Amino acid sequence: MNYIASIDQGTTSTRCIFFDKKGKIISVAQKEHEQIFPQPGWVEHNPEEIWRNTQEVIANARIKHQIKIENILACGITNQRETTVVWNRRTGKAYYNALVWQDTRVGKRVDELEKTIGSQWFRDKTGLPLATYFSGLKIQWLLENVEGLREDAENGTAIFGNMDTFVAWHLTGGINGGLHITDVTNASRTQLMNLETQAWDDEILTLLNIPKAMLPEIKPSSMKYGEIKSEPLAGVPLAGILGDQQAALVGQTCFKPGEAKNTYGTGCFMLLNTGPKPIPSKFGLLTTVAYQFENQPVHYALEGSVAIAGALVQWLRDNLGIIKNSADVQTLAATVEDNGGAYFVPAFSGLYAPYWENSARGVIAGLTRFVNKGHIARAVLEATAYQTLDVLEAMEKDAGLSLSSLRVDGGMVVNEMLMQFQSDMLKVPVIRPEMIETTALGAAYAAGLAVGFWSNLEDLVENWGVDKQWQPKMDETQRAAYHKGWKKAIERSRNWED
């Protein structure tokens with residue numbers, strides 16, 4: 001049997017999964033890494049720890065199923081997007097911790113640029129509004145705050161990457177000629193790439209004073225980039241790279257314009273395939289690259305990004321200690337019939353789509369003495385469904401179409417209460433596929449297509465199968481009342497920070 005390896009470098013953990021031709025998991029290994037919070041609003045990862053974990057999970061996944069190197073035909077990478085690391089190409093060491101996509105330290109810079117140039121200038125070029133979310137301003141912060149970094153960046157010693165680039169460089173040789181590359185989906189999340197030309201934008205680089213020498217080469221999402229030199233995958237072609245949400249779109253086989261998926265992970269991300277033409281958003285969404293297969297045109301997507309979804313369940317567990325395990329949230333929420341009037345807006349790092357408000361902060365609204373921890377647990381789950389509804393409404397306005405169903409994936413979709421509530425709020429069927437690890441699967445598909453393991457997109461579509469569907473059941477009066485309460489809670493969270 002032959003397999004494709006997929007490295008899924010996520011926000012909270014790194015995994016290696018081996019897939020067979022039917023897109024089924026053969027072996028998996030996973031390891032969490034530390035979340036570092038040096039001060040309010042700052043979120044960091046240790047890139048050296050992530051690279052060690054990457055090597056460990058590859059080895060463990062191979063050992064578990066005793067997979068021989070000659071049976072691994074290719075490897076793909078998928079990654080947490082926007083998380084920014086700069087390292088020395090001679091030593092391989094990072095100059096500073098990776099700045100995570102959730103990090104808000106560049107908030108003041110966002111405000112300054114908003115006043116001087118405005119969000120629309122950036123949107124027109126990159127498809128992205130001004131926000132703390134993207135990589136460009138994080139690179140600028142590192143250049144201005146880490147001693148000696150700017151000089152090294154100017155002379156080409158210091159190089160930048162999101163986590164895909166960092167992992168690919170180490171896999172393909174590191175200090176001994178490692179490939180300094182990214183794919184077009186990850187490049188489209190830096191706010192430095194021109195969406196029309198798919199090249200680094202010189203005007204933006206000049207404005208932010210970022211040396212072009214430190215940026216990786218932009219490649220398609222699926223092609224043979226080179227050979228992996230690092231154990232335990234030495235000799236295997238590296239052949240696919242996709243940002244995690246784009247990988248989930250590919251894993252869900254949403255290849256036709258109008259097909260959409262929503263991933264419920266640390267954050268929550270809905271992508272709608274819009275085909276080979278980018279659609280500028282007027283309603284607070286991101287215009288982004290969906291994927292590009294070798295020798296094919298770029299496909300674009302509209303994306304609604306929600307910063308906090310599964311992370312809110314983690315917060316309930318780790319910060320408040322209300323539950324012991326993440327899975328306990330459903331059991332606790334099931335002890336009550338509804339939210340008891342409580343709403344939780346998890347704007348821990350501001351509001352993302354469709355509001356894009358950096359000054360918002362998290363609130364729990366509608367509290368009375370009747371409310372207990374069961375109601376809070378329920379409000380935590382419902383927050384994800386409400387945020388998805390906000391995104392879907394914007395998406396339908398932008399794309400000028402109504403969604404007939406929503407394909408879902410990610411860790412939270414095992415939560416049946418959430419899935420039913422999601423269907424009720426959206427008023428469309430919610431469909432969970434047999435394979436919910438669609439992010440890793442998408443990266444495997446990109447790599448497998450490049451080496452001929454799968455012949456074409458039809459092969460991938462044939463692998464997709466339905467596990468469960470939820471139909472809307474809630475009456476319209478109840479639904480409207482819930483939605484009204486959510487909108488009120490959103491207003492309370494806005495303009496919190498001065």
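Which residues in α1 meet which residues in α6? Pro47, Ile50, Trp51, Thr54 and Ile58 in α1 meet Met163, Phe166, Val167, His170 and Leu171 in α6. This is a predicted model: local features need pLDDT of at least 70, side-chain atom pairs count only at pLDDT 80 or more, and totals for chains, interfaces and linings use all residues. Residues are numbered from 1 along each chain as its sequence is written, and side-chain values use heavy atoms, with hydrogens and water left out.

**The helix pair**

- Helices (H or I, at least four residues) and strands (E, at least two) are DSSP runs, numbered from the N terminus.
- Helix α1 covers residues 47-65 and helix α6 covers residues 163-171; they pack at an angle of about 60°, with their axes 11 Å apart.
- That angle makes α1 oblique to α6 (angles under 35 degrees count as roughly parallel, over 145 as roughly antiparallel, 65 to 115 as roughly perpendicular and the rest as oblique).
- Axes are lines fitted to C-alpha atoms, for helices over the stretch in contact, and angles run from 0 to 180 degrees between N-to-C directions.
- By class, the contact of α1 with α6 has eight nonpolar, two polar and no charged residues (Ala, Val, Leu, Ile, Met, Phe, Trp, Tyr, Cys and Pro count as nonpolar, Asp, Glu, Lys and Arg as charged, and the others, Gly among them, as polar).

**The sheet**

- Six strands form an open sheet with mixed pairing, in the order β3-β2-β1-β5-β14-β13 (two strands pair if DSSP finds at least two bridges between them).
- At the edges stand β3 (25-32) and β13 (222-227), each with a single partner strand, so one side of each is left without a neighbour in the sheet.
- From one strand to the next, the twist averages 25°.
- Strands β1 (residues 3-9) and β2 (residues 13-19) run antiparallel and are joined by six bridges.
- Helix α1 packs on the sheet, touching β1, β2, β3 and β5 (72-79), where contact means heavy atoms within 4.5 Å.
- Helix α6 lies across β1, β5 and β14 (237-243), running at about 145° to β5.

**A closer look at tyrosine 343**

- Tyrosine 343 is found in strand β19 (residues 343-345).
- Tyrosine 343 counts as buried because its relative accessibility is 10% (buried means under 20% relative accessible area, exposed over 50%, partly exposed in between, with a 1.4 Å probe and protein chains only).
- Leaving aside neighbours within four places in sequence, tyrosine 343 is in contact with residues including Val363, Tyr386 and Trp486.
- Tyrosine 343 and valine 380 are 37 residues apart in sequence and 7.9 Å apart in space, C-alpha to C-alpha.
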